[in-house]
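Have the structure open as you read.

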Amino acid sequence: MPLKKKKKAAILIIILLAVVAFGLYYFLSIYKILEGLNKTSDNSPFSKVMANDEKVVEPPKWLGTEPVNILLMGVDARGSTKGEIPRSDSMMVVSLDPVHKRIHVFSILRDTYTDIPDHGKNRINTAITHGPKTAMSAVSDLLGIPIQFYVYTDFQGFIKLVDAVGGIDFYVEKDMNYGSIADKHEYDINLKEGEQHLDGTTALQYVRFRHDALSDYARTKRQRDFINAIVEKMKSATSIMKLPSILEEVSPYIDTNLSVDDMWQLASVGYKSKVEASEQIPPMELLKETYVGSAAVLTVSSSNDLKEYVRNMIEAHEPDPAEAGDVEQQ
């Protein structure tokens, strides 16, 4: 073989080895960090309630072909002592359909008054204080769908995620202003209307704002819209390349029951899917504002109607071209 060809072959081999080495390093780095998201009993935020939570029925297994439902819970851990579990500040259910490649997002109003398994009736946002399986069971009973997984984080985890993906370009629909002396103004809200680049801190201001006429109803809509923007940003080639560093940033602030294999499978489904619908739970037509004692809460006018509403949202889909062709031929 001529010397020039030998040199070219050697260079190609070196490049190939470098690519393989980088690929191995990339995936091993991700795998190791993903393992850390599933906290052990010693470092889990739920260590103090683990014994009681273990008595709750295990969530159903996901086989990979049917829709999977994940409960996302964000808490405000400010002022909490070590081991104390705050009430959920936000609760969402993300439903992924691996067959039709669709995603549905449901925001659960935190003042929804419902059954908390083994703990009587209370606001839905108290369920997590009894452990993640209790929260999954309560949400499953409310919506009438199985909840297989949960992801739990706090304000700092949200800030770290947004900063790690490089911020989000987003349209803020109006001026938002709110100050709190109780928080020593650490979490004051001061946003102006218009298209802007939100970092972790300003993004948190946006999704927390509820000091207007629509209060939590508008806030949950903003949260769903912003989560969708994060999902789209995470699909970009830049974010995929930065995935190990993104995961490393948020790992200390996240707890989940997802295994690494589950995460890989869900990531594949999520990347190929699109958000088809984003809804508030309970929807306005089934929602009733009332009082329990002196506490203002939200109740559901018909539990069966709510379950049917959720089921119809998840099961409804546009026929694919092949299905449409079959209908026309008939």
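Start with arginine 110, which is buried, with a relative accessibility of 14%. Keep in mind as you look that this is a predicted model. Arginine 110 forms a salt bridge with aspartate 89, and their closest N and O atoms are 2.8 Å apart. You will find arginine 110 in the loop between β3 (102–108) and β4 (113–115) and aspartate 89 in strand β2 (residues 88–97), so this pair ties together parts that lie 21 residues apart in sequence.

Aspartate 89 is itself buried, at 13% relative accessibility. Aspartate 89 also forms a salt bridge with arginine 219, where the closest N and O atoms are 3.2 Å apart. This second pair links distant parts of the chain: aspartate 89 sits in strand β2 and arginine 219 in helix α6 (residues 215–234), 130 residues apart. Arginine 219 counts as buried because its relative accessibility is 2%, under the 20% cut-off. Through shared partners, salt bridges join Asp89, Arg110, Asp216 and Arg219 into one network.

Now turn to another pair. Lysine 133 forms a salt bridge with glutamate 58, with 3.1 Å between the closest N and O atoms. Here, too, distant parts of the chain are linked: lysine 133 belongs to helix α3 (residues 132–143), while glutamate 58 lies in the loop between α2 (50–53) and β1 (68–75), 75 residues apart.

How values were computed: Residues are numbered from 1 along each chain as its sequence is written. This is a predicted model: local features need pLDDT of at least 70, side-chain atom pairs count only at pLDDT 80 or more; totals for chains, interfaces and linings use all residues. Side-chain values use heavy atoms; hydrogens and water are left out. A salt bridge is a side-chain nitrogen of Lys or Arg within 4 Å of a carboxyl oxygen of Asp or Glu. Helices (H or I, at least four residues) and strands (E, at least two) are DSSP runs, numbered from the N terminus. Buried means under 20% relative accessible area, exposed over 50%, partly exposed in between (1.4 Å probe, protein chains only).
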